[in-house]
Amino acid sequence: MSERRVRVRFAPSPTGALHIGGVRTALYNYLFARQHGGDLVFRIEDTDSSRFVPGAEEYIIESFRWLGIQFDEGVSFGGDKGPYRQNERRAIYKEYVQQLLDAGKAYIAFDTPEELDAKRQEIQNFQYDCHTRQQMRNSLTLPKEEVERLIADGQQYVVRFKIDAGQEVLVNDLIRGEVRVKTDIMDDKVLYKSADELPTYHLANIVDDHLMEISHVIRGEEWLPSAPLHVLLYEAFGWQDTMPQFAHLPLLLKPDGKGKLSKRDGDRLGFPVFPLEWHDPKTGDVSRGYREDGYFPEAVINFLALLGWNPGTEQELFSLDELVPLFDITKCSKAGAKFAYEKGIWFNHEYILKKSAEEIGQLFLPIVREHCPDETLERVTKVCEMMKDRVNFVKELWPLCSFFFEAPTTYDEKTVKKRWKAPQGEEPGSAQQLTELIGVLEGIDDFSLENQEQIVHAWIEQKGYKLGNIMNAWRLTLVGEGKGPGMFDISAFLGKEETISRMKKAIEKLEAPSGAVGGLFSL
């Protein structure tokens, strides 16, 4: 018998934005499939029509397109095992529901919501199972003729899976090992509802995985309680030989406190929990997304890959292709992974460092042109060469670098008080020193960084001025505050004309008639 081809699936429900935990699940499925030369199937589980949200399916597909996670078949990707939306597979599910009923593996239940509520009041911790089903209105307790009459009269019903007592279900999990569950504590899950003629997740999931030849089911830990039921369903259909191998991933936990990560945690601590910005069509609420917050998709991928798994080395930066051969599903943690969102910011910074100044410049250029429409990519790239290592996100460059493109209109009060010196004895004040410096700069024909530096330093030494006093005051005139790269980097970028123009304006504004300086100065 030939080895079974690896086929995994990611099957979200279109009930809203895709949670970042779902993204990690899809990523691990992708890595596993690529590592084994297998297929990744994209399926939409939309059996719960009451929770369907318009636009959610398109949002999910766009999220993976942005992240670079590619599917081999499924909704919008094609394939020969469709349809891949469960809502389009009603006839298929009905056939398998009937198969279970005919084999006595399932039964029809007519209990109304009111009758179920009454039973819950009567029996503490009530569940519909092998111990209580004989007390209820179903095809196991009603005459066959009564069952047929109720169905003919249009009475709504559900089909429940019949779980026999006294058995032990074994689930072999690639991450958690052997999980054993007694059937005595399992309830008879609903598999099908006549009200909308759709199956529940449990039946649709099993039938689809079988017919789509899924070899491994890699999903979140929250689905682990369902695994024993799924094993029993595979056995009920006689599909033991094609039962997929399970792997239940650890939960993503709150950055602080206990419990699993939620959107509220992101809102509270200021980070996104969705890959893309989400506009809720029902409430109108807008939720932050990693893309719109300025994260690189490769940084998000790298960050998520190491939440619950690590390669066992000190290396932290991996491309998607580099992760494929290293990923080992069996080495995933059993314990939940704290969502250290600050680490995601660190990853984004590292990817800024990895990218060339021109790549960052291409991203920064539209922001610059919002303020300076005629600015060139060449100049923006030069600024990125000097400044990209100082930010975590491209959008942070403008407040840090705007002085390269726009002359300051105000001068920071604290910097003025600290750096703009009044005359002291024979030591000239900043205004006189920088006026002298203007004369030096005007005489420089080669305004390159290296030439400026040599000439200006020689002048400072010859005059006996303090280097720090000159440089700090000069920075204030060109930048408006005490920030930025080396002074000669700034002046060489600005050029002689702009450098001298800014210096003259600042001297005029900062030097009060008495020579005293104070307050926040505006041009």
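Modeller: Two strands pair if DSSP finds at least two bridges between them. Keep that rule in mind for the sheet. Note too that this is a predicted model.

Start with the strands. The open sheet has four of them, in the order β4-β5-β8-β9. Their pairing is antiparallel. Which strands form the edges? They are β4, residues 106-109, and β9, residues 198-199. Each of these edge strands pairs on one side only.

Now take one pair. Strand β5 covers residues 158-161. Four bridges join β4 to β5, and the two run antiparallel.

Helix α3, residues 90-102, lies across β4, β5, β8 and β9. Strand β8 is residues 190-193. The helix runs at about 105° to β4.

The loop between β3 and α3 deserves a stop. Strand β3 is residues 73-74, and Pro83 is found in this loop. A cis peptide bond joins Gly82 and Pro83. Its omega is about 0°.

Another loop lies between α4, residues 113-122, and α5, residues 144-152. Asn125 is found there. Asn125 is not a glycine, yet its phi is positive, at about 55°.

There is also a hairpin. It joins β6 to β7 through three residues. Strand β6 spans residues 168-173 and strand β7 spans residues 177-182. Six bridges join these antiparallel strands. Glu168 has Lys182 in β7 as its bridge partner.

Now the helix pairs. Two packed helices are described by the angle between their axes and the distance between the axes.

Take α9, residues 297-305, and α11, residues 341-354. Their axes come within 9 Å and cross at roughly 135°. The crossing is right-handed. On the α9 side, the contact uses Glu298, Ala299, Asn302 and Phe303. They meet α11 residues that include Tyr341, Phe347 and Tyr351. By class, the residues of this contact are five nonpolar, three polar and two charged.

Then find α18, residues 467-479, and α19, residues 487-510. Here the axes come within 7 Å and cross at roughly 85°. Therefore α18 and α19 are roughly perpendicular to each other. From α18, the contact residues include Met471, Trp474 and Leu478. From α19, they include Phe488, Leu494, Met503 and Leu510. The contact of α18 with α19 has 12 nonpolar, three polar and two charged residues.

Finally, step back to the whole protein. It has 19 helices and 17 strands. Its C-alpha atoms fill a box of roughly 115 × 55 × 40 Å, taken along the principal axes. How does the radius of gyration of the protein compare with that of a compact globule of 523 residues? The globule would have a value near 24 Å, but the protein has 34 Å.

Definitions and conventions
Residues numbered from 1 in each chain as written. Predicted model: local features only at pLDDT ≥ 70, side-chain atom pairs only at ≥ 80, totals over all residues. Heavy atoms only, no water. Axes fitted to C-alpha atoms, helices over the stretch in contact; angles between N-to-C directions. Left-handed = near helix turned anticlockwise from the far one by under 90°. Contact = heavy atoms within 4.5 Å. Nonpolar A, V, L, I, M, F, W, Y, C, P; charged D, E, K, R; others polar. Rg over C-alpha atoms; globule rule 2.2 N^0.38 Å. Parallel < 35°, antiparallel > 145°, perpendicular 65-115°, else oblique.
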